[in-house]
Amino acid sequence: MEENVVRIFDTTLRDGEQAPGNAMTPEEKLRLARQLDALGVDVIEAGFPAASDGDFRGVRAVAEEVRRPALAALARCHDRDIDLAGEALAPAARPRIHVFIATSDIHLKYKLRIDRDECLERARAAIRRARRFTDDVEFSAEDASRTELDFLCRVIEAAIAEGATTINLPDTVGYALPVEYGAMFRAVRERVPDARGVALSCHCHDDLGLAVANSLAAVEAGATQVECTVNGIGERAGNASLEEVVMAGRVRPRSVSFRTNVNTREIFRTSQLLSHLTGVFPPPNKAVVGRNAFAHEAGIHQHGMMQNGLTYEIMRPEEVGIPHSTLVLGKHSGRHALERRYRELGYDLDEQALEGLYREFTALADRKHEILDEDLLALLHESFRDVPEAYQLTFLRVSCGMASATAEVALAGPWHRERSGSGTGDGPIAATYRAIGEVVGRSVEVVNLSLRSVTPGKDSVGHVFVQVRVDGKTLTGHGASTDIVEASARALVHALNKADHADKLEATSLNSVYLWGV
Ligand code: KIV
Ligand code: ZN
């Protein structure tokens with residue numbers, strides 16, 4: 001590896017996904033992993049296999065398909081965790097087991113209830129066990145930034161002696177300041193001579209809004225790997241944002257003197273895909289990928305921009321893959337124009353996909369005057385079916401006003417003919433959900449529902465993201481339409497399709513356990 005290339009370790013599917021509201025199914029994880037591969041990250045941390053069956057399946061699905069980047073799976077220093085990580089990664093081309101244990105006194109005393117010697121011993125044993133599965137073992141000293149330096153150095157020495165090839169020193173609670181975090185890396189490099197033979201990694205949380213600044217300070221002090229997430233999602237205030245770290249390196253090469261292997265033109269597409277999968281969009285002012293990141297509102301700024309883009313823009317939207325719109329589509333646009341616009345947005349559609357999208361596009365154009373890029377992206381993400389469509393919404397009529405609302409719905413499903421039902425509720429969405437629940441014969445409880453308008457304007461498409469409990473299982477779904485009740489109904493049907501798919505998978509794995517037992 002060249003000296004000034006910093007490896008990007010993406011943990012969107014692990015640290016990012018474990019934060020509330022960002023849960024993804026194994027199929028969704030695979031979809032995002034494919035895009036992370038296109039983005040050019042060096043390592044994808046695909047999950048924590050011991051955490052749940054879904055996590056195990058997500059890591060396995062990515063390991064079976066994504067070949068170029070190294071694939072990491074997280075494990076505590078427990079035999080079972082390590083064995084499950086090894087098993088989930090078995091099909092991977094470049095497997096990495098990432099073991100971690102807390103090293104700060106506060107974590108040892110109150111969380112793990114062990115002393116330093118026990119911590120050291122557990123770390124050693126875990127690395128030895130992980131090495132049975134792969135030569136690529138990463139060790140993390142959780143809460144490193146609050147760990148007493150002498151002990152931290154002892155743990156790192158031991159980890160390297162056992163064969164860890166990457167040493168990660170996280171600022172787990174987002175407490176460090178850049179000057180302190182950088183100093184820790186310098187001290188480790190000075191005091192642990194063997195650290196020169198391994199990759200040193202930083203992993204920062206954003207509780208004080210310093211995750212990216214701390215990561216840059218660590219790189220300045222010798223870290224060769226940065227752990228980060230798309231849109232900065234992650235535990236609590238999130239992790240260091242991938243796009244901000246990468247663009248800092250690109251925009252200020254002389255000052256931060258590193259580059260990455262990331263193809264920056266894939267950044268916007270990756271950010272959008274993640275948002276569509278989780279229903280969580282970055283705030284409009286989010287650096288690099290927010291809706292307003294390149295919008296110039298003040299007259300004086302607009303004037304400057306017209307003379308020379310660099311007056312107020314330190315990077316071009318095209319550099320991060322934000323498409324420069326040349327064409328507004330509408331009712332009279334044909335397939336060819338649609339195909340061309342998708343190509344300009346970076347999506348090459350096959351004939352079948354184009355046909356389906358064209359149908360959706362014309363239906364939308366009947367309701368909406370101008371179709372903007374965001375609408376096209378919403379249509380594209382809606383058209384992608386991550387699970388088979390056991391149910392489809394075929395009819396919806398609601399009546400609402402000052403009194404309670406009523407809804408009539410019809411669904412196509414695994415029945416001989418369509419089924420219809422009706423429901424009442426405090427509002428049109430509650431009534432619709434009751435009616436759909438009645439048709440599919442399942443109990444549906446809404447945990448969270450969010451609505452976002454895809455574009456400005458009265459005829460905007462509404463994108464609804466819903467989290468529901470279906471027969472006790474929590475699932476998410478999304479749907480888009482110019483009618484928000486229809487969008488909400490579509491979101492619920494999507495979640496029900498996931499529930500149906502999960503039931504079928506469970507039934508198959510029960511069958512195989514049974515057969516195996518025989
Ligand atoms: O923040 C942290 O310390 C972590 C470790 C598990 C690497 O996420
Ligand atoms: Zn973390």
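This is a predicted model: local features need pLDDT of at least 70, side-chain atom pairs count only at pLDDT 80 or more; totals for chains, interfaces and linings use all residues.
Local features need pLDDT of at least 70 and side-chain atom pairs pLDDT 80 or more, while totals for interfaces use all residues; side-chain values use heavy atoms, without hydrogens and water.

Start with the zinc ion (ligand 2). Asp 15 (OD), His 203 (NE2) and His 205 (NE2) coordinate the zinc ion at 2.0 to 2.1 Å; donors are N, O and S atoms within 2.8 Å of the metal (3.2 Å for Na, K and Ca), and with water not among the atoms, sites may look incomplete. Along the chain, the donor spacing is D-x187-H-x1-H. His 203 and His 205 are both buried (under 20% relative accessible area, 1.4 Å probe, protein chains only).

Next, select Tyr 181 and Phe 185. Their ring centres are 5.1 Å apart and their planes at 75°, so the pair is edge-to-face (centres within 6.5 Å, planes over 60 degrees apart). Both residues are buried.

For charges over rings (NZ of Lys or CZ of Arg within 6 Å of the ring centre and within 35 degrees of the ring normal), select Arg 452: its charged end sits over the ring of Phe 281, 3.6 Å from the centre. Arg 269 lies over the face of Tyr 347, at 4.9 Å.

Finally, colour domain 2 (299–383) and domain 3 (392–506), bounds that come from an automatic or database domain assignment. Their C-alpha centres lie 28 Å apart. About 870 Å² is buried between domain 2 and domain 3 (accessible area lost on being put together, 1.4 Å probe, summed over both). Arg 367, Lys 368 and Glu 382 supply 57% of what domain 2 buries there.

Note on methods. Residues are numbered from 1 along each chain as its sequence is written. Chains are lettered from A and ligands numbered from 1 in the order in which they are written. Rings of Phe, Tyr and Trp (its six-membered ring) pair if their centres lie within 6.5 Å; planes under 30 degrees apart count as stacked, over 60 as edge-to-face and the rest as tilted. Buried means under 20% relative accessible area, exposed over 50%, partly exposed in between (1.4 Å probe, protein chains only). Buried area is the accessible area (1.4 Å probe) that two parts lose on being put together, summed over both.
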